[in-house]
Amino acid sequence: MKMRAIGLMSGTSLDGLDICFAEFEKKDTWQFQILKAETLPYSSDWENKLRNSIHLSAADLLELHSHYGFYLGQRTKEFIQRHQLENIDLIASHGHTVFHQPHRKFTLQIGDGRAIKMETGIPVLYDFRSQDVLMEGNGAPLVPIGDELLFSKYNACLNLGGFSNISLTSEGKRIAFDIAPVNIVLNYLAQQMNENYDENGDLARKGEVNEILLNQLNSLDFYQQAHPKSLGVEWCHQFIFPKLKDKAPLEALATFTEHIAQQIAQIINKYQIKNILITGGGAYNTFLIEKIKAKTESDVVIPEKQIIEYKEALIFAFMGVLKMNNEINVLSSATGSLADHCSGTIA
């Protein structure tokens, strides 16, 4: 059985919309091939709309949910036309996370899938997280199903995006959880120095680590909690940004980069991970990767560019394929929900 699907992913770091068109085939195990993939940067107008969506009134947020759905549909239609793509079975859209508060039984990813379908005429799957939250899960991370079925040759998969999250097999079960904020904080600090992001970690490399700040960060309650657990932007606003606001940006960058590396290395060492696949924008932060390597004995694998940049979009496409086949696409061992389940709304 072969299926061709488009995955849409917009991360918390707001660097653009990732679109990945891939073919999936189930033989003894699932195989995949990325056929076309690209990132479409947001205009400053759209970036501001999405960044500030957390502050909107209910009515304005519902309006943005619709408008962003049409935006996603238009960008996807242009992508299909530009590459003359054919035989597309489905589109799977993650949407853009505005609120993520599983302890209050809600998570919100905007971008109405029905609007995407109206623009493209292709079946759309969306809202992959809500069902898990209603089932007492964290609604995250969802990517472990793809790690389990598409990337099983690695002991663990680590994504360095807005947040870092890891998935690994422990005692015969796939577990996964968020480790620490990454680009959501590093980009914020780099932007204070008129850079969009800290390229290769070059800015952090110049800074001095503030040991007092580092200890404050490392002693935050979240790091002591057992998994499953997940982080949201609200947590950063509450616990991280206030600690950084009086610090020199270079010092804060150096310290926070060290903090990320320490938290990640601690997990790699705790689970004695022999080889680890690292993807997401943070995989290009050579200074951060050097620090992680220096603190562990794990074989750190940085894959080809397409996998680094589009693994999440690829796996959402795959989740859509699983949903269409009525197969499990969310693992309770990763999210903490009551049971494994098949999630997503079909438009």
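This is a predicted model: local features need pLDDT of at least 70, side-chain atom pairs count only at pLDDT 80 or more; totals for chains, interfaces and linings use all residues.

Visitor: What makes E309 partly exposed?

Guide: Buried means under 20% and exposed means over 50%. The value for E309 is 24%, so E309 is called partly exposed.

Visitor: Why is K305 called exposed?

Guide: The relative accessibility of K305 is 55%, and exposed means over 50%, so K305 counts as exposed.

Visitor: How do you know that K305 and E309 meet in a salt bridge?

Guide: The distance from N to O is 3.6 Å. A salt bridge requires a side-chain nitrogen of Lys or Arg within 4 Å of a carboxyl oxygen of Asp or Glu, so the pair K305 and E309 qualifies. Because K305 and E309 are four residues apart in helix α12 (residues 305–324), about one helical turn separates them.

Visitor: What makes R51 and E47 a salt bridge?

Guide: Their closest N and O atoms are 2.6 Å apart. The cut-off is within 4 Å, so R51 and E47 form a salt bridge. R51 and E47 lie four residues apart in helix α1 (residues 44–51), and therefore about one helical turn separates them. R51 is partly exposed at 37%, and E47 is partly exposed at 24%.

Visitor: Why is the pair R205 and E290 called a salt bridge?

Guide: The N to O distance is 3.1 Å, and the limit is within 4 Å, so the pair is counted. This pair links distant parts of the chain, with R205 in helix α7 (residues 202–206) and E290 in helix α11, 85 residues apart. R205 is partly exposed at 38%, as is E290 at 40%.

Visitor: How many salt bridges does the rule give?

Guide: The count comes to 15 salt bridges. A network of salt bridges links K2, R4 and E23.

Visitor: What makes A283 buried?

Guide: Its relative accessible area is 7%, and buried means under 20%, so A283 is buried. A283 lies in the loop between β11 (275–279) and α11 (286–295). Among the residues that A283 touches are L160, I278 and I302.

Visitor: Which residues touch the most other members of the largest nonpolar core?

Guide: I166, V185 and I240 do, in a core of 47 residues. Helix α10 (residues 249–270) gives the most to this core, with eight residues. A second, separate core of 35 residues includes A5, F24, W30 and Y310.

Visitor: Why is E136 called exposed?

Guide: At 51% relative accessibility, E136 passes the requirement of over 50%, so E136 counts as exposed. E136 also has a positive phi of about 70 degrees, although it is not a glycine. The place of E136 is the loop between α4 and α5.

Visitor: What makes Q272 exposed?

Guide: Its relative accessible area is 65%, and exposed means over 50%, so Q272 is exposed. Q272 is found in the loop between α10 and β11.

Definitions and conventions. Residues are numbered from 1 along each chain as its sequence is written. Side-chain values use heavy atoms; hydrogens and water are left out. A nonpolar core is a set of buried Ala, Val, Leu, Ile, Met, Phe, Trp, Tyr and Cys residues joined through side-chain atoms within 4.5 Å. Buried means under 20% relative accessible area, exposed over 50%, partly exposed in between (1.4 Å probe, protein chains only). Helices (H or I, at least four residues) and strands (E, at least two) are DSSP runs, numbered from the N terminus. Contact means heavy atoms within 4.5 Å. Lists of a residue's contacts leave out its neighbours within four places in sequence.
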